[in-house]
Amino acid sequence: QAGGDLLMGIGDDCAVVRRDESRAWLLTMDTLIESVHFDCAFHPPDKLGRKAVSVNVSDIAAMGGAPAFVLLSVGLPPGFDQGWFTSFADGIASACNQYGCLLVGGDTVASPQGITLTLTLIGEADTNNVVYRHGALPGDDIWISGSLGYAAAGLELLRRKLEPTNPAFAPLREKHLDPTARVMLGRQLAQSGLVHAMMDLSDGLATDLAHLCKRSGVGGRVVAADLPGLATLSPAAKLTGNDPVQWAISGGEDYELLFTAAPRHREQILAIGRACNLTLTPVGTIEPGAGVVLIRQSEDGRVVEQAVAYQ
């Protein structure tokens with residue numbers, strides 16, 4: 001719960017702590033465990049280092065902040081490869097340089113088995129510009145940056161070693177291996193004052209939108225045909241026997257931004273996307289009620305409403 005200098009505790013992308021009269025610290029932490037969150041058999045160590053930073057920076061971006069400092073704790077198993085760790089550290093440094101944050105400390109410990117990575121990110125933002133998960137209003141457009149489902153598709157291709165040299169699948173694999181946090185977009189949206197609620201997409205659109213809706217006391221309707229990236233997903237879905245819409249709605253690890261804004265601001269929102277060289281797509285509507293409903297067309301042409309997340 002918030003109180004005193006704690007402006008937001010558990011329940012959002014970051015904890016928000018008052019820094020001074022006009023600024024706030026944003027604090028977040030994430031852990032990646034080998035064989036649970038990454039597979040060293042196909043995840044290059046430099047890209048794993050970059051991803052470890054990016055997934056935390058994404059939380060800062062989701063609240064409209066700028067990343068500042070990084071703390072890193074690494075658990076390494078007996079007989080670990082020193083070359084692997086050097087490459088991993090290079091990836092950490094590369095991502096910190098990209099996002100403008102500084103690695104200021106951490107810890108290295110022995111792990112009984114497998115690699116464990118924990119990062120703490122400290123960011124900052126103008127207190128009045130921090131965007132929270134609550135605040136979505138009935139009638140708001142539901143917006144998505146970039147495309148959905150690529151990371152889930154890429155992970156499936158990597159796990160099954162399918163067509164590793166096919167250039168059409170490279171964006172899917174890279175989305176899993178080396179995602180990009182949308183820092184500039186998050187800051188531009190926050191500074192615009194147009195966004196009512198925002199968060200990053202880590203667990204999949206259905207689950208994350210349900211979190212946002214629950215915090216805001218509303219429900220959401222998503223139109224399957226409007227989900228961005230389905231055409232690119234379709235060849236991989238056909239190859240692996242998956243549903244591209246399912247990847248897009250529940251695949252996870254997209255690390256795009258999910259936000260809501262009034263329909264009258266669509267042109268301004270689109271202009272912000274263009275300024276950030278990103279495609280922004282309205283995919284549904286915030287409504288009174290609870291939970292998330294997916295609207296899609298059946299094979300016989302009927303419009304079907306499917307509950308995809310509850311609150």
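A: Let's go feature by feature, keeping in mind that this is a predicted model.

Q: Let's start with a helix. Which residues of helix α9 are buried?

A: Here's the general idea to carry with you: an α-helix has 3.6 residues a turn, so residues three or four places apart point the same way. Now the case here. Helix α9 covers residues 266–275, and its buried residues are I269, I272 and G273. Looking down the axis of α9, you'd find these buried residues within an arc of 100 degrees, so they line one face of the helix. On the other side of α9 sit E267, R274 and A275, which are exposed.

Q: And what covers the buried residues of α9?

A: The cover includes strands β7 (141–145), β10 (257–261) and β11 (280–287), along with helix α5 (183–192). Just past the end of α9, have a look at N277, where phi is positive, about 55 degrees.

Q: How buried can a helix get? What about α3?

A: Count the residues under 20% relative accessible area, the cut-off for buried. In α3, 8 of the 11 residues are buried, so this helix is largely enclosed by the rest of the structure. The buried ones are Y150, A151, A152, A153, G154, L155, L157 and L158. Among the elements that cover them are the helices α4 (170–177), α7 (230–240) and α8 (244–250). After α3 comes K161, which has a positive phi near 55 degrees.

Q: Now strands. Which strands does β7 pair with?

A: For a strand, ask who its partners are and which way they run. β7 pairs with β11 in the antiparallel sense, over 5 bridges. It also pairs with β10, again antiparallel, over 4 bridges. Facing β11, S145 stands opposite L280 and D141 stands opposite T285. In β10, T260 is the bridge partner of I142.

Q: E256 is charged. Which residue does E256 form a salt bridge with?

A: With K175, and the closest N and O atoms are 2.6 Å apart. E256 lies in the loop between α8 and β10 and K175 in helix α4, so the pair ties together parts 81 residues apart in sequence. Both ends are buried: E256 at 1% relative accessibility, K175 at 11%.

Q: How many salt bridges are there in the whole structure?

A: A search finds 16. One of them joins the side chains of R19 and E124, at 2.2 Å from N to O. R19 lies in the loop between β2 (15–18) and β3 (23–33), while E124 is in strand β6 (residues 116–126), so this pair ties together parts 105 residues apart in sequence. R19 is partly exposed, at 40% relative accessibility. Salt bridges can also link up into a network, as happens with R19, R23, E124 and D126.

Q: Last one: which residues form the nonpolar patch on the surface?

A: F69, L71, L102 and V104, with about 330 Å² of accessible area together. To place the patch, look at β4 (66–76) and β5 (102–110), each of which supplies at least two of its residues. L71 is in strand β4, and it is partly exposed, with a relative accessible area of 34%.

Terms used. Residues numbered from 1 in each chain as written. Predicted model: local features only at pLDDT ≥ 70, side-chain atom pairs only at ≥ 80, totals over all residues. Heavy atoms only, no water. Buried < 20%, exposed > 50% of the residue type's maximum accessible area, 1.4 Å probe, protein only. Arc of directions from axis to C-beta. Contact = heavy atoms within 4.5 Å. Patch = residues over 30% accessible without salt bridge, like charges linked within 9 Å, V, L, I, M, F, W, Y side chains within 5 Å. Areas by Shrake-Rupley, 256 points an atom, 1.4 Å probe, with all protein chains shown as cover. Salt bridge = Lys/Arg side-chain N within 4 Å of Asp/Glu carboxyl O. Pairing = 2+ DSSP bridges.
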